Amino acid sequence: MKTENEMNLSFLSYSANESFARAATAAFIAQLDPTIDELADIKMAVSEAVTNCIVHAYRDGIGQVYIQIKIYQAGRVVIKVKDKGCGIPNVEQAMEPLYTTVGGERAGLGFAVMQSFMDKIKVTSKIGRGTIVTLEKNIIRRPLQNQAAKQAEQDG
């Protein structure tokens with residue numbers, strides 16, 4: 001499938017950058033004219049993936065978080081959130097709801113949240129080398145005439 005547009009972004013794993021990642025992703029995806037719900041779903045999933053990098057991948061320090069977003073024909077969006085942190089020893093176990101390696105206020109629902117908001121999620125990880133979370137969402141494209149009618153209605 002042909003890529004229509006692509007964005008690559010990297011930033012340090014400071015918690016303040018989680019909101020930046022969410023906003024940058026939303027701004028890039030806005031070109032597809034998603035519904036408010038579609039955009040909120042993507043923002044939530046990206047937020048969870050980036051938070052995992054911040055909290056788990058680089059728990060002993062600061063590292064780089066990488067986001068790649070590709071937009072394909074027919075409104076398919078593929079987002080990869082990558083780190084070069086500690087890696088996940090058992091991906092299957094980590095994806096179980098309520099499983100967490102960090103106690104306290106962490107609920108262990110990050111992957112479950114991502115799965116509930118995206119059409120597809122894939123996690124690959126290597127100990128000591130990092131993790132890649134791939135999120136996929138199909139944005140329903142509305143026919144151009146509907147968009148033109150919507151704009152005419154707004155213009156009043």
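Which side chains does a polar contact of 2.2 Å join? The side chains of Glu-18 and Ser-47. A polar contact is a pair of N or O atoms within 3.5 Å; within protein, one must be able to donate a hydrogen and the other to accept it, and residues adjacent in sequence count only if both atoms are side-chain atoms. This is a predicted model: local features need pLDDT of at least 70, side-chain atom pairs count only at pLDDT 80 or more, and totals for chains, interfaces and linings use all residues. Residues are numbered from 1 along each chain as its sequence is written, and side-chain values use heavy atoms, with hydrogens and water left out.

**Glu-18**
- Glu-18 sits in helix H1 (helices, H or I, of at least four residues and strands, E, of at least two are DSSP runs, numbered from the N terminus).
- Glu-18 is buried, at 14% relative accessible area (buried is under 20%, exposed over 50%, partly exposed in between; 1.4 Å probe, protein chains only).
- Beyond neighbours within four places in sequence, Glu-18 contacts Ser-47, Val-50, Thr-51 and Ile-54 (heavy atoms within 4.5 Å).

**Ser-13**
- Ser-13 lies in the loop between strand E1 (3-12) and helix H1 (17-29).
- Ser-13 is buried, with a relative accessible area of 3%.
- Residues up to four places away aside, Ser-13 touches Ile-54, Tyr-58, Gly-61, Ile-62, Gly-63 and Val-65.

**Rings**
- Rings of Phe, Tyr and Trp (its six-membered ring) pair if their centres lie within 6.5 Å; planes under 30 degrees apart are stacked, over 60 edge-to-face, the rest tilted.
- By this rule there is one aromatic pair.
- The ring centres of Phe-11 and Phe-20 are 5.9 Å apart with planes at 90°, so the pair is edge-to-face.
- Phe-11 is buried at 6% relative accessible area, whereas Phe-20 is partly exposed at 39%.
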